[in-house]
Each structure stands twice: as structure tokens, then as C-alpha cells.
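Subject: Handover of a structure and its findings

Dear colleague,

Please find the structure below, together with its sequence.

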Amino acid sequence: MLTGNREFNEIYEKYKNLVLKVAYIYSGDNYDAAEDITQDTFLKLYMKFDDFKRGNVSAWLFTTAKNTALNYRKKYSHEVLSMDSEEHPEEPYRESTEAEYAENELEREKNRLHDEIMEGLMEKNPRWYEAIFLSYYMDIPQTKVAETMNIRLSVLHAVLHRAKKWIAKTYGAEYEEMIRKD
């Protein structure tokens, strides 16, 4: 038993792997940090549990884990050079600084569009957001997503179809423009 609160324990068991995966992805594939972030996320939930609006717990956990991981990356992103080694790794060949800048700018633009799409999806329909996030971003099998969302698989397919149709209608032109730049 995690805590004396059965409802909290159920939420923890249901979402612990999701939070860990989000923390791992956003912390820069650092498993140790992801475990700490997961623990911190559930601690925050536990401390606010009585006041918490339980209707959207997965979105709250996702957002909290993501923000905590991004803060972690920002804080610990500075490279520490070892004094023990005199060797310097060779830098990979780059065509030009301009090409590297353009590539980085395109990547930032893709990330911005992705974040904008996910935020828009969350505002439009939190159920669509959860289905898209779990199925495509977290790469969880759709049968498991349907079970997690407590819906039939055919209903999940309909939800995903509607969400993708809305995304294409709302963000299709921006997405197509970005693909052409790539």
C-alpha cells in the first residue's frame, strides 16, 4: 500500500508509467531524473489531493511532469567538462553555421507547432487530447488506451478520427508549409 488513501493509490497505479514516460522524454532521456520527477509529480498531487479537481487528473499529471522535466533540463543542461581527460572529442562535420542554424530553427518551429496543436486540442476537447497523446505520443497500444480511458476500442477509433480531422482542418496549412521546408 502506498498511502492510506485508496483513491490516490488507484490513480498512482493507473498513471505511474505514463508520468515516468513523460518525465523520461522531457528530461532528455535521463532515467534517473525521470524517476525523481515522477516521484515529485505524485508528491505534488498527494499534497493537493483533497483540493484537486479529479476530473482531469491525467492532463494535470502530464502537464506537471512535463514542466518539472523541462525545468530539470534547463537547470542541469550545462555540460560539465572532465579535468581527467586531455582528449577532446572530434566535432562532427558541419556544412555551415547557416545550415546548422536553419536546421535548429526548423526544429524549434516544429516543436512550437506541436505544442500549439496539443494545447489547442486540449482546449477543444480534453478527451481528444488524451486519446491522441496516449495513442500517438506515448505510443501505447490502442487497446490499452481504450481500457485506460474506459471506452470501447471502436469509440477510441472514432475519437482519434475526429481529433485528427480537427487537427488537419485547424493546423493543416501550417503543417504542410513546415513539411515543404524540411
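This is a predicted model: local features need pLDDT of at least 70, side-chain atom pairs count only at pLDDT 80 or more; totals for chains, interfaces and linings use all residues.

Residues are numbered from 1 along each chain as its sequence is written, and side-chain values use heavy atoms, with hydrogens and water left out.

Overall fold

The chain contains seven helices and zero strands, and its pattern along the sequence reads α-α-α-α-α-α-α. Helices (H or I, at least four residues) and strands (E, at least two) are DSSP runs, numbered from the N terminus. Of the 182 residues, 33% count as buried; buried means under 20% relative accessible area, exposed over 50%, and partly exposed in between (1.4 Å probe, protein chains only). The chain exposes about 13,100 Å², of which carbon and sulfur atoms supply 50%. Accessible areas come from the Shrake-Rupley method with a 1.4 Å probe, and for residues only the protein chains shown count as cover. Among contacts with a separation of 6 or more, 61% are between residues 24 or more positions apart, a contact being heavy atoms within 4.5 Å.

Two helix pairs

Helix α1 (residues 6-26) and helix α2 (residues 31-47) have axes that come within 9 Å and cross at roughly 145°. Axes are lines fitted to C-alpha atoms, for helices over the stretch in contact, and angles run from 0 to 180 degrees between N-to-C directions. This crossing of α1 and α2 is right-handed; a crossing is right-handed if the near helix is turned clockwise from the far one by less than a right angle, and left-handed if anticlockwise. The residues of α1 that meet α2 include F8, I11, Y12 and Y15, and those on the α2 side include F42, L45 and Y46. By class, this contact has 14 nonpolar, two polar and two charged residues. Here Ala, Val, Leu, Ile, Met, Phe, Trp, Tyr, Cys and Pro count as nonpolar, Asp, Glu, Lys and Arg as charged, and the others, Gly among them, as polar.

Helices α5 and α6 pack at an angle of about 145°, their axes 9 Å apart, and α5 passes α6 in a right-handed crossing. On the α5 side R127, E130, A131, L134, S135 and Y136 take part, meeting Q142, V145, T148 and M149 of α6. The contact of α5 with α6 has five nonpolar, three polar and two charged residues.

The core

Which residues have the most contacts inside the largest nonpolar core? They are L45, L61, L121, F133 and L156, in a core of 42 residues. Such a core is a set of buried Ala, Val, Leu, Ile, Met, Phe, Trp, Tyr and Cys residues joined through side-chain atoms within 4.5 Å. Helices α1, α2, α3, α4 (97-124), α5 (126-137), α6 (142-149) and α7 (153-181) each supply at least two of its residues, and the largest share, nine residues, comes from α1. In soluble globular proteins, nonpolar side chains tend to be buried together.

Single residues

K66 lies in helix α3 (residues 57-76). K66 counts as buried because its relative accessibility is 16%. Leaving aside residues up to four places away in sequence, K66 touches V22, Y26 and D115.

L70 is also found in helix α3, and is partly exposed, with a relative accessible area of 35%. L70 and Y26 are 44 residues apart in sequence, yet 6.0 Å apart in space, C-alpha to C-alpha.

N150 is in the loop between α6 and α7. N150 is not a glycine, although its phi is positive, at about 65°. At 70% relative accessibility, N150 counts as exposed.

With kind regards
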